[in-house]
Each structure stands twice: as structure tokens, then as C-alpha cells.
Amino acid sequence: MILLRGHPCIVQFYGYFEDDYNDYTVMVVVFCSCHLQELAPGGRLFDYIKQRQQFTENDAVVITRALVSGIQYCHANNVVHRDLKPQNILLMEFAFSTPLTRSGQKLDSIKLTDFGFSSMEQGVLKTSLGTPGYTAPEVLRNQPYDSSVDMWSLGVIVYIL
């Protein structure tokens, strides 16, 4: 099980349990107003991209900076996400109405989530996983790969922005 705690750009882990048939990881994020710690009224980056359609370079810098920080933390803890895409990135503030700004946007307002395909294996990975449009070529070709596949996915996201 992957446990990443304490980074502002990664959804907080709350618990883990299992039964005879499944393992469950609880990372609570809600999309409406309530009293839980992690509130994501901005929804997914995917929806934000569809809504805005165009981004300034400044917007891309803010989002990329947060993603690089989260990915760096994952890699420093030997975690390869393997499914980075706008659907797995949450906006912790409602951002549809105003553009993001470097000065006004806190780093922790953008969070990585969905670590279902992630791995803590050391060295070379071989399992072909991920969303094809964001997946590195070596993964699609069933070739051995490492954590650099997350950087490929980040490049695709930045290109879209």
C-alpha cells in the first residue's frame, strides 16, 4: 500500500482497511461544501480545462509548479504514480470564475490524487498501466521503464494547458 503524507500537493491519506475480497484506501475529497478537511470545490483539472478552454502561460506555470512539487515528493519516496492526467488532479479552490495567478495561488490548492496504479517498486518497472493519451511510449510498447514515465505524463498535461 502506498502511503504519502504531509505534502501540500497530494491528497491526504486517512485510512486503510481490507476484507476477504478487497483492500480499501481512504483518501477523502469532497466536491461540495461540508466540514471535512479536504474540500475540492474546484473539481478536477480536466473539468477546469474544458470550462476555460484557453490558458495563459501564467496559469500553466502555477499548475505545473504544483504538479512538479507533488511528483518530486512521490519520486523522493520511491513512488511512481503511473496515471497522471487532468482527471487525477484536483483544484482545492473554486477556480472556474477567475484565472489563476502566481502570487494569489497557494501551492496546496492543486493536489494529485488516485494512486491506484502507483508503485513503490525499486528500479525497473514492467507492468503496462495508465491512460493511453498520457502514457509514455515505453509503457505502451511493454518495455521496462522507471519513474520518468510520470514526467512524460506531466509534459502531456503542460502541452494541453
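This is a predicted model: local features need pLDDT of at least 70, side-chain atom pairs count only at pLDDT 80 or more; totals for chains, interfaces and linings use all residues.

Guide: Residues are numbered from 1 along each chain as its sequence is written, and side-chain values use heavy atoms, with hydrogens and water left out.

Visitor: What span is expected of helix H2, and what span does H2 reach?

Guide: The expected span is 1.5 Å times one less than the number of residues. H2 (residues 57-76) has 20 residues and reaches 28 Å from its first C-alpha to its last, close to the expected 28 Å. Just after H2, asparagine 78 takes a positive phi of about 60 degrees.

Visitor: Which residues of H2 are called buried?

Guide: Buried means under 20% relative accessible area, with exposed over 50% and partly exposed in between (1.4 Å probe, protein chains only). In H2 the buried residues include Asp59, Val62, Ile63, Leu67 and Cys74. The buried residues of H2 pack, by contact (heavy atoms within 4.5 Å), against helices H1 and H4 and strands S4 and S5.

Visitor: Why is a set of residues called a nonpolar core?

Guide: The name applies because its members are buried Ala, Val, Leu, Ile, Met, Phe, Trp, Tyr or Cys residues joined through side-chain atoms within 4.5 Å. The largest such core has 25 residues, of which Leu67, Ile110, Leu112 and Ile157 touch the most other members. H2 gives the most to this core, with seven residues. Apart from this core lies another of six residues, among them Val80, Leu125, Val139 and Val149.

Visitor: How many cavities of 30 Å³ or more does the structure hold?

Guide: The structure holds one. A cavity is a set of points on a 1 Å grid over the protein atoms alone where a 1.4 Å probe fits but cannot get out; lining residues have an atom within 4 Å of a point. Grid points are joined across faces, edges and corners, and the volume is the space filled by probe spheres set on the points. On that basis the largest cavity has about 50 Å³, and its lining includes Arg82, Tyr134 and Ser153.

How values were computed:
On a 1 Å grid over the protein atoms alone, a cavity is a set of points where a 1.4 Å probe fits but cannot get out, and a pocket is an open set with protein on both sides within 12 Å along at least five of seven lines; lining residues have an atom within 4 Å of a point. Helices (H or I, at least four residues) and strands (E, at least two) are DSSP runs, numbered from the N terminus.
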